[in-house]
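The sequence and structure are shown first.

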Amino acid sequence: MTPPPPPPPGPDPGADPDPCPCPGSLVVLFGATAGALGRDLGSDETDLILLVWQVVEPRSRQVGTLHKSLVRAEVAALSTQCREASGLSADSLERAEPLDKVLQQFSQLVNGDVALLGGGPYVLCTDGQQLLRQVLHPEASRKNLVLPDTFFSFYDLRREFHMQHPSTCPARDLTVATMAQDLGLETDATEDDFGVWEVKTMVAVILHLLKESSSQLFSKPEVIKQKYETGPCSKADVVDSETVVRARGLPWQSSDQDVARFFKGLNVARGGVALCLNAQGRRNGEALIRFVDSEQRDLALQRHKHHMGVRYIEVYKATGEEFVKIAGGTSLEVARFLSREDQVILRLRGLPFSAGPMDVLGFLGPECPVTGGAEGLLFVRHPDGRPTGDAFALFACEELAQAALRRHKGMLGKRYIEIFRSTAAEVQQVLNRYASGPLLPTLTAPLLPIPFPLAPGTGRDCVRLRGLPYTATIEDILSFLGEAAADIRPHGVHMVLNQQGRPSGDAFIQMTSAERALTAAQRCHKKVMKERYVEVVPCSTEEMSRVLMGGTLGRSGMSPPPCKLPCLSPPTYATFQATPTLIPTETAALYPSSALLPAARVPAAPTPVAYYPGPATQLYLNYTAYYPSPPVSPTTVGYLTTPTAALASAPTSVLSQPGALVRMQGVPYTAGMKDLLSVFQAYQLPADDYTSLMPVGDPPRTVLQAKEWVCL
């Protein structure tokens with residue numbers, strides 16, 4: 001009797017029934033914009049014009065239908081690169097659907113294909129990071145579109161391929177063609193439909209990788225943060241410089257959420273937006289942004305001159321030390337205040353000095369309660385405990401913060417209170433500023449540079465350039481003026497710096513006559529320099545002098561410079577090289593040489609004048625936190641010797657010390673000895689020796705010229 005045949009072998013209980021770790025289907029996605037392609041995709045802020053996709057079921061190795069959809073762009077103009085690569089035209093894009101309709105069709109078609117293939121939840125798979133991070137998310141943010149949750153996670157095929165084949169080139173240098181070539185795959189070279197060849201080749205690469213049955217393949221998708229998270233930063237934190245950028249040109253009213261929205265699609269670190277404040281404690285239009293890794297930082301740098309509203313934003317590299325200096329703090333009180341997560345921070349300014357927590361809570365009212373009551377308030381105080389009139393408040397949600405913002409300029413007692421959005425970094429900056437020690441350390445008196453005296457006069461023989469690019473140089477200004485540059489006086493170009501020592505976008509030009517100034521203004525007004533139009537308006541020497549001394553000149557009139565600000569520490573200056581300074585012949589003749597200054601600093605022979613001095617005479621102002629606007633032009637600085645008459649009464653012991661005698665120009669006539677001593681309070685002057693300040697007797701002057709003093 002023949003024994004029955006053995007039963008067919010069943011599945012090995014120890015074997016993995018599903019070697020593919022991918023939790024669901026893959027949707028291979030390709031896209032293109034109307035501008036740059038490849039590695040620069042999304043760097044020019046152009047709209048999406050094409051989407052091509054196909055579903056892959058990893059377990060059964062089946063693929064769905066390939067779909068291609070055009071997207072209507074707001075600006076239908078195509079770049080030369082896009083037109084040649086895609087073969088599309090502006091007419092074909094005008095007949096396409098807008099982005100929101102295309103995304104709806106995408107979701108419907110993908111869900112249908114996944115159901116036909118028997119797959120589960122799907123995950124996108126793209127060639128690189130640019131399509132989602134640099135194109136889809138920023139454009140959806142600009143158009144106020146809400147993307148589905150499926151667009152917040154994806155697989156980067158380059159990274160997955162490099163994980164399986166690490167011997168190839170770096171992941172960022174891979175392309176679809178190189179991946180297929182490394183695997184030895186045959187591709188359809190006859191396929192000329194733009195985007196279709198790319199998707200078919202990506203699908204072939206994925207199917208080949210799935211045959212290798214690696215447990216690491218398609219196991220950890222890339223994640224795009226949906227919301228920016230606030231948080232504190234400590235001075236002890238170590239921040240990688242490869243993860244920080246500086247954004248310039250932000251609107252004054254922008255918040256950290258607005259900055260994070262500008263970088264939509266990129267993962268900003270928790271508490272990674274630090275808005276910078278100016279000398280008066282107000283936002284100066286700059287911010288430092290920290291990302292989770294260097295790859296996100298590199299993508300952020302590609303958004304240089306992208307727009308926030310109608311303003312373009314400049315993005316540059318920054319260092320971790322700069323971020324910690326702005327956002328870091330050491331106060332335990334501030335750390336406890338900022339320890340609550342997902343809180344909206346508002347700043348209250350102008351509070352009465354006698355106001356306490358209950359007064360502020362009563363001012364805000366029960367309709368916008370502060371988180372934790374009195375514990376959700378942080379009052380800013382001077383080191384001696386005196387209130388500054390500022391406070392910060394925490395709110396649990398955006399709706400309560402909006403209700404509190406409606407109390408802006410409401411009355412508390414006899415004062416109106418200003419309410420603004422704030423950030424954790426701003427809290428740290430404000431508290432650090434008021435908790436800091438002396439503004440300047442005690443130093444010996446340096447030799448201060450003295451600006452060239454400006455010729456007096458009220459005729460409108462100068463022009464003001466307003467709205468210059470921050471990168472503009474004097475050579476750019478001379479080229480911008482064209483033929484009018486021949487009518488500029490020697491040393492007549494004055495660039496104005498802001499309180500951080502950077503170009504403010506303003507400049508003054510001294511012309512040879514009022515007629516030449518008017519002609520230059522008429523020819524050059526609103527001409528374009530580096531993609532920005534520049535306003536050119538005539539002005540007088542007096543108006544120019546006021547602005548260069550720290551005053552303001554606006555459409556509403558002219559404000560005088562802060563000539564009499566008591567208890568202000570003087571600015572510090574960078575080290576100057578001991579090279580000859582270009583001093584006009586007529587100026588050098590007024591001041592004979594002196595033993596106080598080295599002979600090398602005053603040229604022995606007249607030097608040909610130029611539009612501006614040499615590089616050694618550039619003044620880079622380093623203003624303290626409370627110093628007013630820069631008082632001089634950085635390109636008209638030289639060293640002037642002291643008149644002989646001022647040396648007659650100087651003690652020999654003082655004259656023997658190098659740099660012991662300093663001459664001050666531009667002192668207002670109303671200034672007295674105590675005003676001058678307050679300027680030099682950090683420089684170890686003799687406490688009671690008021691005789692060390694001597695007025696210099698000069699011939700009569702016009703009203704534009706201020707008196708001079710010599711300080712020993």
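Helix 7 covers residues 196–211, and at 1.5 Å a residue its 16 residues should span 22 Å; the C-alpha atoms at its ends lie 23 Å apart, which agrees. The model is predicted. Among the buried residues of helix 7 are Val196, Glu198, Val199, Thr201 and Met202; Val203, Val205, Ile206, Leu209 and Leu210 are also buried. Just after the helix, Ser213 has a positive phi of about 50°.

Two packed helices are described by the angle between their axes and the distance between the axes. The values for helix 6 and helix 7 are as follows.

| Item | Helix 6 with helix 7 |
|---|---|
| Angle between axes | about 40° |
| Distance between axes | 10 Å |

An angle under 35 degrees would count as roughly parallel and one of 65 to 115 as roughly perpendicular; helix 6 and helix 7 are therefore oblique to each other. The crossing is left-handed. On the helix 6 side, Val176, Ala177, Met179, Ala180 and Leu183 take part in the contact. They meet Trp197, Glu198, Thr201, Met202, Val205 and His208 of helix 7. Glu198, Thr201, Met202 and Val205 are buried.

The strand residue is Asp390, in strand 17 (residues 387–395). Is Asp390 buried or exposed? Its relative accessible area is 7%, and buried means under 20%, so Asp390 is buried. The side chains of Asp390 and Arg347 are joined by a polar contact of 2.6 Å. Beyond its neighbours within four places in sequence, Asp390 is in contact with Arg347, Leu348, Arg349, Gly350 and Leu351, and also with Leu378, Phe379 and Val380.

Technical notes
Residues are numbered from 1 along each chain as its sequence is written. This is a predicted model: local features need pLDDT of at least 70, side-chain atom pairs count only at pLDDT 80 or more; totals for chains, interfaces and linings use all residues. Side-chain values use heavy atoms; hydrogens and water are left out. Helices (H or I, at least four residues) and strands (E, at least two) are DSSP runs, numbered from the N terminus. The expected span of a helix is 1.5 Å times one less than its number of residues. Buried means under 20% relative accessible area, exposed over 50%, partly exposed in between (1.4 Å probe, protein chains only). A polar contact is a pair of N or O atoms within 3.5 Å; within protein, one must be able to donate a hydrogen and the other to accept it, and residues adjacent in sequence count only if both atoms are side-chain atoms. Contact means heavy atoms within 4.5 Å. Axes are lines fitted to C-alpha atoms, for helices over the stretch in contact, and angles run from 0 to 180 degrees between N-to-C directions. Angles under 35 degrees count as roughly parallel, over 145 as roughly antiparallel, 65 to 115 as roughly perpendicular and the rest as oblique. A crossing is left-handed if the near helix is turned anticlockwise from the far one by less than a right angle, and right-handed if clockwise.
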